[in-house]
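Hello,

Here is the structure I promised to pass on. My notes on salt bridges and a helix pair follow below it.

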Amino acid sequence: MFNDYYNRTVQMKLLEGKVALITGAARGIGKAIALKFAQHGADVAFTDLSEDELFAETVSAIAAYGIKVKGYASNAADFADAHKVVEEIHKEFGRIDILVNNAGITRDTLMMRMSEEQWDLVINVNLKSAFNFIHAVTPIMMRQKSGSIINVSSIVGVSGNAGQANYAASKAGMIGLAKSIAKELGSRGVRVNAIAPGFILTEMTDRLPQEVQQQWITQIPLKRAGTPEDVANISLFLASDLSSYLSGQVIQVCGGMNM
């Protein structure tokens with residue numbers, strides 16, 4: 001009897017009939033989230049800065065799940081552009097049930113060497129983009145009286161990290177933003193949460209020297225780096241009705257590195 005229940009649960013499509021919007025999803029964590037959502041029945045709209053080869057590959061990979069998908073070339077840090085894209089997506093898909101603010105970059109250096117441009121660029125791409133898209137989807141979700149917004153923050157937004165003051169500040173801001181909007185929109189049935197990934201194997205972390213990667217792993221109780229799939233699984237939980245009574249929270253996907 002348990003096996004029958006387990007098999008039915010595993011085969012359930014947790015996002016059937018929902019529309020998800022994911023920023024910065026042509027690669028890495030964003031792509032993994034988009035694929036996971038598609039696997040569970042959601043129609044997927046995603047953005048990335050430009051329509052390159054990886055952009056087209058992501059569209060094809062998502063479409064393989066038999067759901068509706070469309071990619072949009074968009075500068076998430078641009079307020080007007082974000083609103084225009086959300087308007088196009090709402091017109092094309094009819095609704096927006098899930099927003100994942102995943103667009104992000106790094107420009108790491110010590111504070112004494114950090115330029116104003118490096119600070120502004122990271123804050124705009126990581127934090128202002130989340131503001132832009134939340135601002136744009138809020139009227140839609142309020143009218144629907146439902147929605148799930150997920151900010152992809154970082155463990156360094158919780159604990160800080162030397163050489164990443166701009167990145168840590170932007171990711172800490174995404175947590176404060178999630179908690180504040182959760183309080184504003186909760187009465188309208190809109191949930192807002194944040195995910196704080198730890199050391200995740202992506203193109204971004206792959207650029208780090210091998211010895212630096214190993215230093216990170218030695219700090220992790222589970223003794224391995226995380227994968228985009230690990231973050232996608234938590235995103236699925238937060239996007240689905242499994243987390244219907246969860247809002248204003250930060251889930252640290254870090255293998256126990258920060259506890």
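Asp-97 and Arg-95 form a salt bridge, with their closest N and O atoms 2.8 Å apart. This is a predicted model. Asp-97 is buried, at 7% relative accessible area. Arg-95 is partly exposed, at 32%.

The structure has six salt bridges. Glu-92 and Lys-68 make one of them, at 3.2 Å from N to O. Glu-92 sits in helix 4 (residues 79-93), and Lys-68 in the loop between helix 3 (53-63) and strand 3 (69-73), so the pair ties together parts 24 residues apart in sequence. Both ends are partly exposed: Glu-92 has a relative accessible area of 37%, and Lys-68 has 35%.

Arg-224 pairs with Asp-230 in a salt bridge, the closest N and O atoms being 3.1 Å apart. Arg-224 is partly exposed, with 42% relative accessible area. There is also a salt-bridge network. It links Arg-27, Asp-48 and Asp-52.

Now the helix pair. Helix 5 (residues 116-144) packs against helix 7 (residues 165-185). The angle is about 15°, and the axes are 8 Å apart. Angles under 35 degrees count as roughly parallel, so helix 5 and helix 7 are roughly parallel to each other. Their crossing is right-handed.

Helix 5 brings residues including Trp-119, Ile-123, Leu-127 and Phe-131 to the contact. Helix 7 meets them with residues including Tyr-167, Met-174, Leu-177 and Ile-181. By type, the residues of this contact are 15 nonpolar, six polar and one charged.

Best wishes

Terms used: Residues are numbered from 1 along each chain as its sequence is written. This is a predicted model: local features need pLDDT of at least 70, side-chain atom pairs count only at pLDDT 80 or more; totals for chains, interfaces and linings use all residues. Side-chain values use heavy atoms; hydrogens and water are left out. Axes are lines fitted to C-alpha atoms, for helices over the stretch in contact, and angles run from 0 to 180 degrees between N-to-C directions. Helices (H or I, at least four residues) and strands (E, at least two) are DSSP runs, numbered from the N terminus. Angles under 35 degrees count as roughly parallel, over 145 as roughly antiparallel, 65 to 115 as roughly perpendicular and the rest as oblique. A crossing is left-handed if the near helix is turned anticlockwise from the far one by less than a right angle, and right-handed if clockwise. Contact means heavy atoms within 4.5 Å. Ala, Val, Leu, Ile, Met, Phe, Trp, Tyr, Cys and Pro count as nonpolar, Asp, Glu, Lys and Arg as charged, and the others, Gly among them, as polar. A salt bridge is a side-chain nitrogen of Lys or Arg within 4 Å of a carboxyl oxygen of Asp or Glu. Buried means under 20% relative accessible area, exposed over 50%, partly exposed in between (1.4 Å probe, protein chains only).
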